[in-house]
Amino acid sequence: MLLSDKNQFLRESFRLNAMLLLRCNGNSAFMKLSVNELYRIAGCITGVRVDQCGESKEIVQPSWKVDDMKTSGFYLLEMKRIAVFLRGIYKAVNAKLSEVTSRPVRILYAGSGPYGELLTPLLHLYKANEVLVDFIEINPVLLLSLQKLIDGLELRQYVDEFYCADVTTFTVSKSYDIVISETMLACIKRESQVAMMQNLIPQLSKDCIFIPEEISINASLITPWIQMESLSYYQNEQALLERYPLGNVFKLSKLTMQNLSEPKVVKIPDEIARFPLLKLFTTVKVYRDEVLIDNDSGITLPKQYYDFREKAAREVEFWYTGGENPQIESRIVENNR
Ligand SMILES: C[S@@+](CC[C@H](N)C(=O)[O-])C[C@H]1O[C@@H](n2cnc3c(N)ncnc32)[C@H](O)[C@@H]1O
């Protein structure tokens, strides 16, 4: 096959798999097929593969702000996360397109990774004068990979600028309609999602859509057997029946940027014999009805904080700490059972 034919084939396959991913609803076989194929094509064009993200000395790890590439590389293959984000972003772009008619919809993608995976597959669905994107990535090797992919897929006309910069200190100089940033782990641990949102959101216009729209973390007591079951990705509805909700401990959105570190106290009911484990459950509302819940992806995996069979409690306090090791911290505030 001639090189030009091969590139044409890769571009066409990328386009078809992106469409399949948007339309496959919850069909996990199609989701897996198309995410794998998108990833394979991106790896083929850029020469940067997921497994290399952990091993190559070429891939610079700039600072604490970037998570362990050995594990993080696999976020690229997280099919449901990618499908739900792509569907949400597609809906957000279409909503903005119906409002903004005389100019392109301006998008900022902060923390794009090597493929801009949550946006690149959508670009060919629009005319070049309909969307205009700026990418920010702190890691120069990953940014170079993204540039290669954009060129290889002949999407350059959709891109205004590639910034190699730290999103947590980045000064926004344009008016964006949509800003995308997905740089998180479950329970907003370690990564700089919150710091990025704290820097970007005050600089954006009131009408700008920030994606994800909301990240919330709720505490619940659960039964031990649910823990086993959830490992096998069975129905979440069943788990909800066996859950004793305690309340919200963290919420982050355009409207709830203040007081993130304010402690939240949850009361532990007297009768908890059936529900001795306290876990935090992360929910990511990408856009409108496109939502990721427990076990949908690595970024919404439940995290256990207490086993009350070992140590009883009446109240537990949770609070968010930022800085170099962002996380939700906790302590038992009363323990007189
Ligand atoms: C978990 S990956 C997600 C990549 C992509 N958004 C996706 O969902 O496939 C996070 C990316 O953000 C970049 N990143 C992390 N902290 C950053 C910062 N402070 N400024 C700019 N980029 C950052 C990392 O280098 C990495 O490529």
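**Helices, sheets and a loop residue in a predicted model**

Helix H2 (residues 28-46) has 19 residues, which at 1.5 Å a residue should span 27 Å; its end C-alpha atoms lie 26 Å apart, in agreement with that value. The expected span is taken as 1.5 Å times one less than the number of residues in the helix. Helices (H or I, at least four residues) and strands (E, at least two) are DSSP runs, numbered from the N terminus. The structure is a predicted model, in which local features need pLDDT of at least 70 and side-chain atom pairs count only at pLDDT 80 or more, while totals for chains, interfaces and linings use all residues. Residue numbers start from 1 along each chain as its sequence is written.

The confidence of the prediction comes next. The chain has an average pLDDT (the predictor's confidence in each residue, from 0 to 100) of 87, and 85% of the residues score at least 70. Over residues 53-71, however, pLDDT is below 50, and this stretch has 29 contacts in the model beyond near neighbours in sequence. Two residues count as being in contact if their C-beta atoms, placed from the backbone, lie within 7 Å. Where pLDDT is low, the predicted coordinates should not be read in detail.

Back in H2, the buried residues are Met 31, Ser 34, Val 35, Leu 38, Ile 41, Ala 42, Ile 45 and Thr 46. These residues cover an arc of only 130 degrees around the axis, which puts them on the same side of H2. Here the arc is that of the directions from the helix axis to the C-beta atoms. A residue is called buried if 20 or more other C-beta atoms lie within 10 Å of its own, exposed if 12 or fewer do, and partly exposed in between, with C-beta atoms placed from the backbone. Exposed Ser 28 and Ala 29 sit on the face of H2 turned away from its buried side. After H2 comes Gly 47, with a positive phi near 80 degrees.

Two strands are said to pair if DSSP finds at least two bridges between them; S1 and S2 (residues 131-136) share six, in the parallel sense. Ala 110 has Ile 136 of S2 as its bridge partner.

In the loop between helix H7 (140-152) and S3 lies Leu 155. This residue is partly exposed, with 19 other C-beta atoms within 10 Å. Leu 155 touches Thr 120, Leu 123, His 124 and Ile 150, not counting residues up to four places away in sequence. The C-alpha atoms of Leu 155 and His 124 are 7.2 Å apart, although 31 residues separate the two along the chain.

A further open sheet has three strands in the order S8-S12-S13, with antiparallel pairing. S8 (264-267) and S13 (327-334) stand at the edges with a single partner strand each, so one side of each is left without a neighbour in the sheet. S12 (residues 315-321) and S13 run antiparallel and are joined by seven bridges. Glu 317 stands opposite Arg 331 in S13.
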